[in-house]
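Subject: Structure for you to look at

Hello,

Here is the structure I promised to pass on. Please open it first, then read my notes below.

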Amino acid sequence: MEDRMRYEEEMKGLRSIIENQKKNIEAIKSEANEEHSKCKETIQQQKIDIESVQKEANSLKIEIGELKKKHKELEAKHEHFVGEMKDKIECPVCLDVPRIGPVPVCPNGHFVCMKCKTESCPTCRVIMGDGKSLLAVTIIENIEYKCKFDDCEDYFTVDKLEDHYKDCYHRIVSCPADSCREEVDLSKLIDHLIEENCSYGSALKRVENNSLVKDKFTMKEAMRSIPTIEWKLTIYTYEDVDFAILLKKQDGLYYFSMVMFSSEDECSKYKVEMTVHDRDSTDVSFNFIGTPCSIDGDKIKLKYLGLAVTSNGMEKVLRAKSNNTFEFSLTFSIK
């Protein structure tokens, strides 16, 4: 009897547990269904949002395309207008557009530039007189002129042209190598130095910020008595500027200078310190502190704008190597 009662109690407990588990399962299913519904709604909303964004993007794309088209049309009209204006004030003799006033004009309204002006109008042959065109001056002061350097596609008003020429990346500069007589586009100077064997190596040496750079240079025994020696350039890059170290012996002096491939104004922002010493120590050394030379400067004067060391001084820093070769070091920093 007791066993039967115990059995029924156990069964009752098991039924209760099973019922609770069923309820838990139903609750989990219900929660899962709710989450599933929410996910479906979220996905559906995201699809709607994506479609909306795509429609907006397509609309913006069309609008941008129309604006680009209008911009090109306006640009073409502007170029045509400027071209017409230039044609009207172009000198019929030299075919140049005057860039400064005054602009002489004949009684019939024909223009000629100051340098080509004569007693009679080159277009209609009437007496020129002293007429000046204020309209022509207004036009030449406001139209844009293409940069004179071949590879530059930029345009500027006449008052900004000269400033641009000083900084134009395509301006013509002299190769800084003393024995080279080439004049090249600044943007092609590095290629020229490498391809024409004006420099050591086939790539620029990178200079890290606040670092000391040490390079060794050699010369043969026979060269010590030669009055003029020129070393190839060593070219470097630092931050966003490139430069070269020039070395030359002439008339008993050794010249060391740094030439930066930038304008005078840009060079004035940097300070360089150069030290010439023997390869192993700086017990005997010669120093220079100053600004780098600009590639736009007078090439003949470049070597004089750095460090000059006498032959007797260099003898103190030259160290013998093998094969009758002597070596010295140049250390520099730039900031």
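Start at Val-272. Its bridge partner in strand β12 is Gly-290. In strand β16, the bridge partner of Val-272 is Ile-334. Keep in mind that this is a predicted model.

Now take the strands themselves. Strand β11 covers residues 272-277. Six bridges link β11 to β12 (residues 285-290), and the two run antiparallel. β11 also pairs with β16 (residues 325-334), again in the antiparallel sense and over six bridges. Is β11 mostly covered or mostly open? It is mostly covered: five of its six residues are buried.

Next, helix α2, residues 134-142. Which of its residues are buried? They are Ala-136, Val-137, Ile-139 and Ile-140. These residues span an arc of only 160° around the axis, so they sit on the same side of α2. Leu-134, Leu-135 and Asn-142 are exposed on the other side of α2. Look at the start of α2 as well. There, a side-chain oxygen of Ser-133 comes to within 3.0 Å of the backbone nitrogen of Ala-136.

Last, the cavity. The count is one cavity of 30 Å³ or more. The largest cavity holds about 120 Å³ of space. Its lining has 13 residues; Pro-176, Asp-178, Leu-246, Lys-248 and Lys-303 lie nearest the centre. Strand β9 (residues 241-250) gives the largest share of that lining, three residues. What classes make up the lining of the largest cavity? Eight residues are nonpolar, five are charged and none is polar.

Best wishes

Notes
Residues are numbered from 1 along each chain as its sequence is written. This is a predicted model: local features need pLDDT of at least 70, side-chain atom pairs count only at pLDDT 80 or more; totals for chains, interfaces and linings use all residues. Side-chain values use heavy atoms; hydrogens and water are left out. Buried means under 20% relative accessible area, exposed over 50%, partly exposed in between (1.4 Å probe, protein chains only). Helices (H or I, at least four residues) and strands (E, at least two) are DSSP runs, numbered from the N terminus. The arc is that of the directions from the helix axis to the C-beta atoms. A polar contact is a pair of N or O atoms within 3.5 Å; within protein, one must be able to donate a hydrogen and the other to accept it, and residues adjacent in sequence count only if both atoms are side-chain atoms. On a 1 Å grid over the protein atoms alone, a cavity is a set of points where a 1.4 Å probe fits but cannot get out, and a pocket is an open set with protein on both sides within 12 Å along at least five of seven lines; lining residues have an atom within 4 Å of a point. Grid points are joined across faces, edges and corners, and a volume is the space filled by probe spheres set on the points. Ala, Val, Leu, Ile, Met, Phe, Trp, Tyr, Cys and Pro count as nonpolar, Asp, Glu, Lys and Arg as charged, and the others, Gly among them, as polar. Two strands pair if DSSP finds at least two bridges between them.
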